[in-house]
Each structure stands twice: as structure tokens, then as C-alpha cells.
Amino acid sequence: MAVRINHLECKTLGHSWDPIASNRPSPFGEPITCRCVCCGTTRRHVISPHDGAILSRTYKYPDGYKNAERMSKAELRMVLARRIRRGQITRRFAA
Ligand SMILES: [Zn+2]
């Protein structure tokens with residue numbers, strides 16, 4: 001089972017959310033849609049206009065993303081650490 005590097009990074013380090021235009025209104029509240037710049041997952045929250053509570057939360061994952069869920073968090077971290085040590089992950093920013 002292969003896990004793509006960008007999926008591995010998001011599963012271990014968390015997504016990098018970037019807000020995008022919501023493609024459909026909500027009758028219940030204000031939609032906030034974000035896309036992960038690393039893996040392409042999209043997240044849609046619907047926010048209450050009265051108190052800011054999250055009324056609904058949905059995710060849409062790219063093909064293959066769920067493969068990473070077959071491994072434990074510890075296994076994913078070990079694979080990520082090995083790939084970083086081997087230089088298989090390109091750093092976006094210098095340390
Ligand atoms: Zn992601």
C-alpha cells in the first residue's frame with residue numbers, strides 16, 4: 001500500500017488550509033470552504049450567524065488519501081521521518 005508524500009505530511013503534520021469561494025450557499029448559516037494547499041482536501045464549515053457555532057462540517061478527500069488511514073499515527077510518523085532523512089521530501093522553506 002503506497003501512501004503519497006503529501007498525504008503522509010497532512011496525516012502527520014495537519015493540513016495547510018487556504019480559504020476558497022464557497023460554491024453553494026447554506027440555508028442555515030455562513031459557509032466557509034477551504035482547500036489544503038498540500039493534498040487538495042476540501043473542508044466546508046457552515047457557521048451560525050448568531051453565535052459562530054459550527055453547524056456542519058464536511059470533508060472531501062482526494063483519491064488515495066484514505067490509504068494513509070490504514071496505518072497508525074506512529075507508523076505514519078516513522079515513514080515520514082525516514083523519507084525526510086533520505087531527502088525524499090523537498091522542503092518548502094529553509095529552516
Ligand atoms: Zn492536506
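I take helices (H or I, at least four residues) and strands (E, at least two) as DSSP runs, numbered from the N terminus.

The model is predicted, and I kept local features only at pLDDT of at least 70 and side-chain atom pairs only at pLDDT 80 or more, while totals for chains, interfaces and linings use all residues. Residues are numbered from 1 along each chain as its sequence is written.

**Sheet**

I traced the strand order next. It is E1-E2-E3-E4, an open sheet of four strands with antiparallel pairing. Strands E1 (17-20) and E4 are the edges, each pairing on one side only. Neighbouring strands are turned by 25° against each other on average, direction ignored. Two strands count as paired if DSSP finds at least two bridges between them. Strands of a sheet pair through backbone hydrogen bonds, either parallel or antiparallel.

**Pairs and hairpins**

How many bridges join E1 to E2? I found four, and the two strands run antiparallel.

E2 (residues 30-36) and E3 (residues 42-47) are antiparallel too, joined by six bridges. They form a hairpin with five residues between them. In its turn, I noted a positive phi of about 90° at Gly-40.

E3 and E4 (residues 54-60) also run antiparallel, with six bridges. I checked Ile-47 and found Ile-54 of E4 as its bridge partner. Six residues lie between the strands of this hairpin. Gly-52 takes a positive phi near 80° there.

**Helices**

I then turned to H1 (residues 5-13) and H2 (residues 73-85). They pack at an angle of about 125°, with axes 10 Å apart. H1 is therefore oblique to H2. Angles under 35 degrees count as roughly parallel, over 145 as roughly antiparallel, 65 to 115 as roughly perpendicular and the rest as oblique. Axes are lines fitted to C-alpha atoms, for helices over the stretch in contact, and angles run from 0 to 180 degrees between N-to-C directions.

Which residues make the contact? From H1 I listed Ile-5, Leu-8, Glu-9, Lys-11 and Thr-12. From H2 I listed Leu-76, Arg-77, Val-79, Leu-80 and Arg-83. Contact here means C-beta atoms, placed from the backbone, within 7 Å. By class, I read five nonpolar, one polar and four charged residues. Ala, Val, Leu, Ile, Met, Phe, Trp, Tyr, Cys and Pro count as nonpolar, Asp, Glu, Lys and Arg as charged, and the others, Gly among them, as polar.

Key. Two residues are in contact if their C-beta atoms, placed from the backbone, lie within 7 Å.
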